[in-house]
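Please look over the sequence and the model shown here before reading on. The briefing that follows goes through its features topic by topic.

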Number of protein chains: 2
Amino acid sequence: MSRNKAVPERRLHHPDRDEIRLESVLSALSDPIRLRIVRELARGHDDMACIAFDLPVSKSTSTHHFRVLREAGVIRQYYEGTSRMSRLREDDLEARMPGLLSAVLGAE
Amino acid sequence: MSRNKAVPERRLHHPDRDEIRLESVLSALSDPIRLRIVRELARGHDDMACIAFDLPVSKSTSTHHFRVLREAGVIRQYYEGTSRMSRLREDDLEARMPGLLSAVLGAE
DNA sequence: ACGCTCGTACGATACATGTCGTACTACGAA
DNA sequence: TTCGTAGTACGACATGTATCGTACGAGCGT
């Protein structure tokens with residue numbers, strides 16, 4: 001009745017649009033690795049597997065960062081075979097925090 | 001040659017405009033208490049003493065939050081008698097991260 | 001001179017977070 | 001069926017952070 005170990009969640013939890021909290025989004029975006037992920041997603045690579053990012057961290061750390069972004073409501077993830085695809089929730093973010101994402105992406 | 005204890009810094013360190021980093025600003029704004037401070041500052045109370053905020057934390061914690069905001073470049077602080085006044089660095093933030101502050105303030 | 005108030009510094013503490021390695025699963029291909 | 005690859009879960013660890021209380025300093029008023 002219980003899975004012992006390392007069974008990946010088939011149901012990925014995503015907050016609803018109106019559950020997205022400003023603090024969580026800001027917190028999620030305040031990490032350089034996650035900012036890099038978001039920038040790459042915005043740079044036209046709309047649907048990317050995690051592996052495609054070539055991040056300077058281990059696989060487990062990478063998983064961690066993607067989860068933080070997903071649980072904050074910044075990205076949406078879905079399975080595609082053995083890969084997990086990610087895409088920015090631009091519309092939801094724009095609806096809840098107009099201008100925030102583009103300001104973050106535009107900075108620097 | 002050294003001050004033993006609790007000598008307040010006469011020189012408050014503020015980052016220059018071009019030293020303000022996006023990650024630090026986002027991190028500074030991702031705390032509810034600090035967000036509240038920033039909102040109040042934006043709400044017209046341009047120059048406020050720390051005490052005037054009536055925050056739900058102790059004095060020392062309050063000091064901590066103001067320092068985080070100052071060192072991230074979000075506010076500027078200066079002494080006025082025994083009080084320390086704070087003001088938003090709106091121009092600097094706008095120059096470095098156009099639209100960010102208003103997006104944060106507008107959200108919710 | 002004396003006390004009052006605003007704020008700091010410091011130490012302690014509890015909790016959150018970023019990081020990793022290892023063991024594992026799920027899926028697709030040979 | 002067997003293997004390789006993408007990604008997860010878990011435990012461990014170090015570091016960062018939010019919080020507090022206490023002791024103190026700097027100005028102002030009396």
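**Helix packing in chain B**

In this predicted model, the axes of H1(B) and H3(B) approach to within 9 Å of one another and cross at roughly 155°. Because angles over 145 degrees count as roughly antiparallel, H1(B) and H3(B) are therefore described as roughly antiparallel to each other.

- A second pair involves H2(B) and H3(B), whose axes come within 10 Å and cross at roughly 70°.
- Since angles of 65 to 115 degrees count as roughly perpendicular, H2(B) and H3(B) are therefore roughly perpendicular to each other.
- In this second pair, H2(B) passes H3(B) in a right-handed crossing, where H2(B) contributes B:Ile33, B:Arg34, B:Ile37 and B:Val38 to the contact, while H3(B) contributes B:His64, B:His65, B:Phe66, B:Val68 and B:Leu69.

**Make-up of chain A**

- Chain A contains five helices and three strands, and, read from the N terminus on, its elements follow the order α-α-β-α-β-β-α-α.
- Chain A has 108 residues, of which 44% count as buried.
- Among the contacts in chain A with a separation of 6 or more, 65% are accounted for by residues 24 or more positions apart.
- Helix H1(A) is mostly covered, with seven of its eight residues buried; these buried residues are A:Leu22, A:Glu23, A:Ser24, A:Val25, A:Leu26, A:Ala28 and A:Leu29.

**The nonpolar core**

- The largest nonpolar core has 53 residues, and those with the most contacts inside it are A:Val74 and A:Leu100 together with B:Val74 and B:Leu100.
- At least two residues of this core come from each of the helices H1 (22–29), H2 (32–42), H3 (59–72) and H5 (100–106) of chain A, and the helices H1 (22–29), H2 (32–42), H3 (59–72) and H5 (100–106) of chain B each supply at least two residues as well.
- Leaving aside residues up to four places away in sequence, A:Val74 touches A:Val25, A:Ala28, A:Leu29, A:Val38, A:Leu69, A:Arg87, A:Leu88, A:Arg89 and A:Leu93.

**How the two chains are related**

- In general, two copies of a chain are related by a rotation about an axis and a shift along it.
- Here, chain A is superposed on chain B by a rotation of 180° with 0.0 Å of shift along its axis, at an RMSD of 0.0 Å, and that is the relation of a two-fold axis.
- Of the interface residues of chain A, 100% are also interface residues in chain B, so the copies meet through the same surface.

- The relative accessible area of A:Asp54 is 62%, and A:Asp54 is exposed, because exposed means over 50%.
- In chain B, B:Asp54 is placed in the loop between S1 and H3, where B:Asp54, which is not a glycine, has a positive phi of about 55° and is exposed with a relative accessible area of 63%.
- The loop between strand S1 (48–49) and H3 of chain B also holds B:Ile51, a residue that counts as exposed at 71% relative accessibility.
- Although B:Ile51 and B:Thr63 are 12 residues apart in sequence, their C-alpha to C-alpha separation in space is 9.9 Å.

- Not counting residues up to four places away in sequence, B:Arg70 touches B:Leu12, B:His13, B:His14, B:Pro15, B:Ile75, B:Gln77 and B:Arg84.

Definitions and conventions. Residues numbered from 1 in each chain as written. Chains lettered and ligands numbered in written order. Predicted model: local features only at pLDDT ≥ 70, side-chain atom pairs only at ≥ 80, totals over all residues. Heavy atoms only, no water. Core = buried A, V, L, I, M, F, W, Y, C linked by side-chain atoms within 4.5 Å. Buried < 20%, exposed > 50% of the residue type's maximum accessible area, 1.4 Å probe, protein only. Helix = DSSP H or I, 4+ residues; strand = E, 2+ residues; numbered from the N terminus. Contact = heavy atoms within 4.5 Å. Least-squares fit on C-alpha atoms with pLDDT ≥ 70 in both. Axes fitted to C-alpha atoms, helices over the stretch in contact; angles between N-to-C directions. Parallel < 35°, antiparallel > 145°, perpendicular 65-115°, else oblique. Left-handed = near helix turned anticlockwise from the far one by under 90°.
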